Amino acid sequence: MPKTPDATRRSDRSRRAILDSALTLVGEVGYNKLTIEAIAARAGVGKQTIYRWWPSKAAVLLDASLALAGDAETEAEWTGFPDTGDLAADLKQVLRATVDQFNDEKYDAPTRALTAAGATDPELGARFTEQLLEPQLALYEARLRTAREAGRLAPDTDLRLMVEMLVGPLTYRWLLRTAPLTHAYTDALVDRVLGGVANVTAR
């Protein structure tokens, strides 16, 4: 008797094909020109299949961006924000990995498109921030909080401000292409930020 096809596995394949197609297309044509019809055609599925799982292209892109982030963590064998006891080394390790991801064409084009889409689509931007960006920033804050509790940062250190001082310049350089994105740059960034916090603490 022939085996019944695994519907769940088939659905997973279709879902992944849709997400991958959305990322590829948004990198090629941008968010404004992206359509559900184009995603369906690229993924080899019917338009109604997409609407069965997502109400809009913004919703598809959000799930696609979450999947992309998951792929990056898997490839980097991410096991959580490092805590070796050396705050500078831990921050440099994570920011170097971020540089490698931004410089990888697989992630660069779709991430740029998703960033631009979030700026023009308020719903997508809010959900992108809530479900993807904020959890990542929270990991930085948690590591800095551990350092503060260990006495390596002043008790009144503004952790969110410090996180933005670390990732803000990196994102700015990547997004506007003002200069090459390198490990040396992020290492210097960490040294400057930690040095600045230490100087303020000493006053």
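**Helix contacts and salt bridges**

Guide: α7 passes α8 in a right-handed crossing. A crossing is right-handed if the near helix is turned clockwise from the far one by less than a right angle, and left-handed if anticlockwise. Helices here are DSSP runs (H or I, at least four residues), numbered from the N terminus. The model is predicted, so local features need pLDDT of at least 70 and side-chain atom pairs pLDDT 80 or more, while totals for chains, interfaces and linings use all residues. Residues are numbered from 1 along each chain as its sequence is written, and side-chain values use heavy atoms, without hydrogens and water.

Visitor: At what angle do the axes of α7 and α8 cross?

Guide: Axes are lines fitted to C-alpha atoms, for helices over the stretch in contact, and angles run from 0 to 180 degrees between N-to-C directions. For α7 (residues 122-149) and α8 (residues 159-176), the crossing is at roughly 115°, and the axes come within 9 Å.

Visitor: Which residues of α7 and α8 meet?

Guide: Contact means heavy atoms within 4.5 Å. On the α7 side the residues include Leu 137, Tyr 140 and Leu 144, and on the α8 side they include Leu 159, Met 162 and Val 163.

Visitor: How are α5 and α7 placed, roughly parallel or roughly antiparallel?

Guide: Angles under 35 degrees count as roughly parallel, over 145 as roughly antiparallel, 65 to 115 as roughly perpendicular and the rest as oblique. The axes of α5 (residues 87-102) and α7 cross at roughly 170° and come within 11 Å. The two helices are therefore roughly antiparallel. Their contact includes Leu 91 and Val 94 of α5 and Tyr 140 and Leu 144 of α7.

Visitor: How many salt bridges are there?

Guide: A salt bridge is a side-chain nitrogen of Lys or Arg within 4 Å of a carboxyl oxygen of Asp or Glu. The count by this rule is 14. In one of them, Lys 92 pairs with Asp 191, with the closest N and O atoms 3.0 Å apart. Lys 92 is in α5 and Asp 191 in α9 (residues 183-202), so the bridge ties together parts 99 residues apart in sequence.

Visitor: What is the relative accessibility of Lys 92?

Guide: Buried means under 20% relative accessible area, exposed over 50%, and partly exposed in between (1.4 Å probe, protein chains only). At 21%, Lys 92 counts as partly exposed. Asp 191, at 41%, also counts as partly exposed.
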